[in-house]
Amino acid sequence: MPKDSGIGASSKRREDVRYLTGRGQYTDDINSHNQTYAYFVRSDVAHGKINSIDTSEAEGMPGVLAIFTGDDFTEVGGNPAGWLINNRDGTPMKEPKRPVLAHGKVRHVGDAYAAVIAETYEQAVDAAEVIDADIEELPAIIDMADALANSDNRVHDEIDDNLCFDWGWIEDNRETVDQAIKNAPHVTTLELINNRLVPNAMEARASIGDYDPGTGDYKLTTTSQNPHLTKLLIAVFVMGIPEHKLTVIAPDVGGGFGSKIYHYGEEALVLAAAKKLGRPVKWAATRSEAFVSDAHGRDHVTKIELATELDGTFIAIRTDTLANVGAYLSNFSTATPTFLHGTLMAGNYTVPNVYVNVKTVFTNTAPVDAYRGAGRPEASFSIERVVDKCARELGIDAVELRRKNFIQPDQFPYTTPVALVYDTGDYDATMDKLHEIADIAGFEARKAESSARGKRRGLGIAHYIEACGIAPSNLVGQLGSRVGLYDAATVRVSPTGTISVMVGAHSHGQGHETSFAQVVADMLGIPEENVDIVHGDTSKIPFGMGTYGSRSLAVCGSAVVKATDKVVAKAKKIAAHLLEAGEGDIEFSDGQFSVAGTDKSIAWGDVTLAAYIPHNYPLEEIEPGLEETAFYDPANFTYPSGAYCCEVEVDEDTGKVDVMSFAAADDFGNVINPMIVEGQVHGGVAQGIGQALLENCVYDSEGQLLSGSYMDYAMPRADDLPNYTVDHSCVTPCTHNPLGVKGCGEAGAIGSPPAVINAVVDALSDLGVTHIDMPASPARVWAAIQAAK
Amino acid sequence: MYNFDFEKPSTVADAVTALASEDALALGGGQTLIPTIKQRLAAPSKLVSLSGISEMQGVSASGGSLHIGGATIHADVAADSHYPALSALAGNIGDPAVRNRGTIGGSLANNDPSSDYPAAALASGATINTNARSIAADDFFQGIFETALDEGEIITSVDFPVPDAACYKKFEQPASRFALVGVFVAKTAGGVRVAVTGASEEGVHRWTAAEDALNANFSADALDGLSVSSENLIGDLHGTPEYRAHLVKVLTARSVSDC
């Protein structure tokens, strides 16, 4: 029987009441007395030398209060990279300064070089139009191979080859892997592109800076996935504000998908402007600004080789990747193509030799950083595409080839050659489940039916693994992370027994307010509605690291469990006193404390009341009150995995691909709220289908963004997507966190692109098509068919 | 956007007078003009809304012809039953919001190279009526965003002769869902007309070779020997000229089959 509340129940998302009835409070909904407006002046060339910026006429325009340029921020710090990556030779990566406003040069279309603050937004825009910037256009550096080859043309003058780093994982394995591939009976080679994506959160970025001259306190209200991290970056690295004088609030946030992890210069600017003016300063991006200034995702060019025995046994994998980092290093940009990508390159397989090389390249494009999946979709696409190609070359069924090489349940914990230790999994189980829910056996009949209608039907399989629950701080510290990746929770019990849980994770659509409350309510045996989750305000919540990398439940949820355990332990002491029993005899279940072996008991609410009205209370032993904080640092990553199946129909005359069905059999470990999990998979798969068939961020050779609006950037819409069949009944619980959970937020976006492209290639394989790059747009599919003919 | 004056006259004559001001622009449904103004890419001194002119509203049929007021929204054309191929076309322009604001006169006057109505007007042999004259569709469309309209001239109505059979096939550009290529085939007593939108650098145009073939044999097979040159066709993110040339033929055949 499905539960109707607590852990395992599909409790309805309480936050949806305000989201769906227009009662959400997003940053741009917040207006304050005396508010001013910021407008950013952005470069319309990809690369240029700033000779001068004359703001004198603009300063005299109606309503103008202040104008800032890069010159105003030469004394403050830069926005740092969060991870320091070393080159293959052990030397550190190149880390150019990322200023609040462009200084000296503009480095991508959309790079902000001035900001106008005015009484109204329109006045700020009017003034921006008369700023006279003398920007001498320089040749744009767009293509990664060209960027590396042409040392005369530099994104950053001090970096002569436009190379951020040349990373080998694991460098010591390089020669062994080379030899294994050289000596292998069969090698399948595939060159592929992980297309560049624009995140397109429904809410564009927005920030309000405020400063109180009376106290010296700064307040930033902003669209962030991790307010404490943003606070740390601004206070310590960029502006030098004492940390206790800055509060960062991320109120309701309309999606992030990674793009709102990072600190952006606009946030520092509105704070600096608020201090200068003594008035609140609001900025809200237009959608056009979002396209050119949000951190983009993916953008890898990869060659992957899979060496096998003739019977299909995997021998080695080697990859060679160029990863576009854009013009500046966004906060996670150096971790994404490395430790979130190279460490996953063994996939679900017992492949003894793996070597990953990644060269990360500066170009005159917007910064590129983690986007839903972040490195793992790139790895999954590379592996699952080359495995599929290998199966065709060897004449082995693609599912059987995977099964033959799967890590077996008795091999866990399993140490891969790329340094991860998978704690648990059962990949044959998810593959079996997929066969059932996708009716793979019925494919040939469906194919014949499609054929009768003149359509080519294809079936594609992918089996992904990802590393979530980011991350063990000591491990990531060794790997170059400049932050810890624990999380934190405070469980505050009121005198009447209701609860506020202050969490470091941030919910921007994920449903934490519901699922976290389910955990606490279940542990305490009280109604879910008696538990509220508080997040997003650094003045209220403990120092947690926010939401990304499918980490919230696995890491912050574990902190919630630990803090709740502490509350229960203290409450048992109070109950023992009230029941005049030994603490060791107190049992707690369903909201009742009882003395073992007796009928003596006391309710949760009576104990909590005693904690705050301690008239009859062991004051000499314990303090009054009932509030506990816990920090949780995971011992390992978590490893969700799953089997995905996509069926497509291709119209050979037009190249149009229709997704006919999509099935996902995931192992997320234990599940707190099945409905929320299903929704997360739906959304992730929609984004994966978007990447595979529709979305493409394209710059021309001059660095102009050709896909700069929804007229040219194709987002998936409802009629592009099928009804999904989603299952998460295969459960191998995570072995190292208290809930046994693994995380589900990114899985759909990781597992689906290779399933879709494998299906498209399957539909066209008898024409001789062996690969097609994403997005498999009608024009590309048609061209691939023509080329194969 | 920049500041501008706004007028909403109730007669064509008043609209013509209002449009005589320097840099005044007529506002139909605003589906192109308003976003352009918001991005400060257009700076009219005055907008003259045509939506308050009752004589420019509505759809009526008489004598085998459909008369559509210039300010009639797409949703109203979509709801009419006299010219099913035209109604189907109107019902698939943009999304419901667009269809309930955008007007036929605005669409034809704008002559976007990827919009649907120009293909219907050209294939149907429609007559575009203005405050000053009547213009045959063959003379009206003069290249991308170019028409025979003079400055300040207003499309007051459009007359569509209803063909014996007609069909419009649009292959949508994946992002905008405008026509990557759209082909309208109309079979009338006077012959077959084939109009192509979305494909050409020169805007909507007729494919006369297909018309000749279809006049001899109105079936998709009649197109077998024909090919479309990719010269002067549009090449962009979403398709090469060769792809568009291929689609012209595919969609023409499908239109004929479904006529």
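Q: In chain B, how far apart are the centres of domain 2 and domain 3?
A: In this predicted model, the centres of domain 2 of chain B and domain 3 of chain B, taken over C-alpha atoms, are separated by 20 Å. Their contact takes 20 residues from domain 2 of chain B and 22 residues from domain 3 of chain B.

Q: Which elements give two or more residues to the side of domain 2 of chain B that touches domain 3 of chain B?
A: They are helix 4 (84–90) and helix 7 (117–124) of chain B. Helix 7 of chain B provides the largest share of that side, six residues.

Q: What is the make-up by class of that side of domain 2 of chain B?
A: The side of domain 2 of chain B that touches domain 3 of chain B has 12 nonpolar, seven polar and one charged residues. As for the bounds, chain B is divided into domain 1 (5–49), domain 2 (54–161) and domain 3 (165–258).

Q: How is chain A divided into domains?
A: Chain A has domain 1 (31–138 + 202–255 + 260–293), domain 2 (300–471 + 636–788) and domain 3 (486–632). Between the centres of domain 2 of chain A and domain 3 of chain A, taken over C-alpha atoms, lie 40 Å. The contact takes 19 residues from domain 2 of chain A and 16 residues from domain 3 of chain A. By class, the side of domain 2 of chain A that touches domain 3 of chain A has 11 nonpolar, six polar and two charged residues.

Q: How is a pair of packed helices described?
A: Two numbers are used: the angle between the axes and the distance between the axes. Take helix 9 (residues 376–394) of chain A and helix 10 (residues 398–405) of chain A, which pack at an angle of about 115° with their axes 9 Å apart. That angle makes helix 9 of chain A roughly perpendicular to helix 10 of chain A. Their crossing is right-handed.

Q: Which residues make the contact of helix 9 of chain A and helix 10 of chain A?
A: Helix 9 of chain A supplies A:Val387, A:Asp388, A:Cys390 and A:Ala391, and helix 10 of chain A supplies A:Ala398, A:Leu401 and A:Arg402. By class, this contact has five nonpolar, no polar and two charged residues.

Q: At what angle do helix 17 and helix 18 of chain A pack?
A: Helix 17 (residues 674–694) of chain A and helix 18 (residues 747–764) of chain A pack at about 40°, with their axes 7 Å apart. The two helices are therefore oblique to each other. Helix 17 of chain A passes helix 18 of chain A in a right-handed crossing. Among the residues that meet are A:Gly683, A:Gly684 and A:Gly688 in helix 17 of chain A, and A:Gly748, A:Ala749 and A:Ser752 in helix 18 of chain A. By class, the contact has 10 nonpolar, eight polar and no charged residues.

Q: How many residues of chain A are in contact with chain B?
A: 15 residues of chain A are in contact with 12 residues of chain B. Helix 19 (residues 778–788) of chain A gives the largest share of the side of chain A that touches chain B, three residues. By class, that side of chain A has 10 nonpolar, three polar and two charged residues.

Definitions and conventions: Residues numbered from 1 in each chain as written. Chains lettered and ligands numbered in written order. Predicted model: local features only at pLDDT ≥ 70, side-chain atom pairs only at ≥ 80, totals over all residues. Domains from an automatic or database assignment. Contact = placed C-beta atoms within 7 Å. Helix = DSSP H or I, 4+ residues; strand = E, 2+ residues; numbered from the N terminus. Nonpolar A, V, L, I, M, F, W, Y, C, P; charged D, E, K, R; others polar. Axes fitted to C-alpha atoms, helices over the stretch in contact; angles between N-to-C directions. Parallel < 35°, antiparallel > 145°, perpendicular 65-115°, else oblique. Left-handed = near helix turned anticlockwise from the far one by under 90°.
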